[in-house]
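Q: Hey, can you walk me through this one? I'm new to reading structures.
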Amino acid sequence: LLHGYLRRRRNGLSVPGAIARTFRETGRAITATTLVLGAQFLLLLVSDFQPTNAFGALTALGLGTALVCDLLVLPAVFVCARRAHLAIGGVAYRSA
């Protein structure tokens, strides 16, 4: 997500436009990958060996949390970072 967002910002898209286009192109892939991996780790819950069982549950929980952060928190961070950058007199992002 970050790479796609920064690339679109460098190409002149607004913050909301860059976020929307990045999600349109990568959002489904990120969601599908996380759901498949989470389901696979949840299969470890059927294990009778407690450490394996706990590992599966915690890993699936971590993947779900990361997905929520990617889809909800990261775009908000992009918007807030841009506003903060403008508030201190910053200029638009430029790559070297």
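Q: Leaving aside its neighbours within four places in sequence, which residues is Ala18 in contact with?
A: Ala18 touches Tyr5, Arg8, Arg9 and Leu13, where contact means heavy atoms within 4.5 Å. Keep in mind that this is a predicted model: local features need pLDDT of at least 70, side-chain atom pairs count only at pLDDT 80 or more, and totals for chains, interfaces and linings use all residues. Residues are numbered from 1 along each chain as its sequence is written, and side-chain values use heavy atoms, with hydrogens and water left out.

Q: OK, which residues make up the largest nonpolar core?
A: Tyr5, Val15, Ala18, Ile19 and Phe78. A nonpolar core is a set of buried Ala, Val, Leu, Ile, Met, Phe, Trp, Tyr and Cys residues joined through side-chain atoms within 4.5 Å. The largest share, three residues, comes from α2; helices are DSSP runs of H or I, at least four residues, numbered from the N terminus.

Q: Is Ile19 buried or exposed?
A: Buried, at 13% relative accessible area; buried means under 20%, exposed over 50% (1.4 Å probe, protein chains only). Apart from neighbours within four places in sequence, Ile19 contacts Tyr5, Pro75, Phe78 and Val79.

Q: New topic: how many salt bridges are there?
A: One, counting a side-chain nitrogen of Lys or Arg within 4 Å of a carboxyl oxygen of Asp or Glu. Arg8 pairs with Glu25, with the closest N and O atoms 2.3 Å apart.

Q: Which helices are Arg8 and Glu25 in?
A: Arg8 lies in α1 (residues 2–10) and Glu25 in α2 (residues 15–42), so the pair ties together parts 17 residues apart in sequence. Arg8 is buried at 5%, whereas Glu25 is exposed at 52%.

How values were computed. Helix = DSSP H or I, 4+ residues; strand = E, 2+ residues; numbered from the N terminus.
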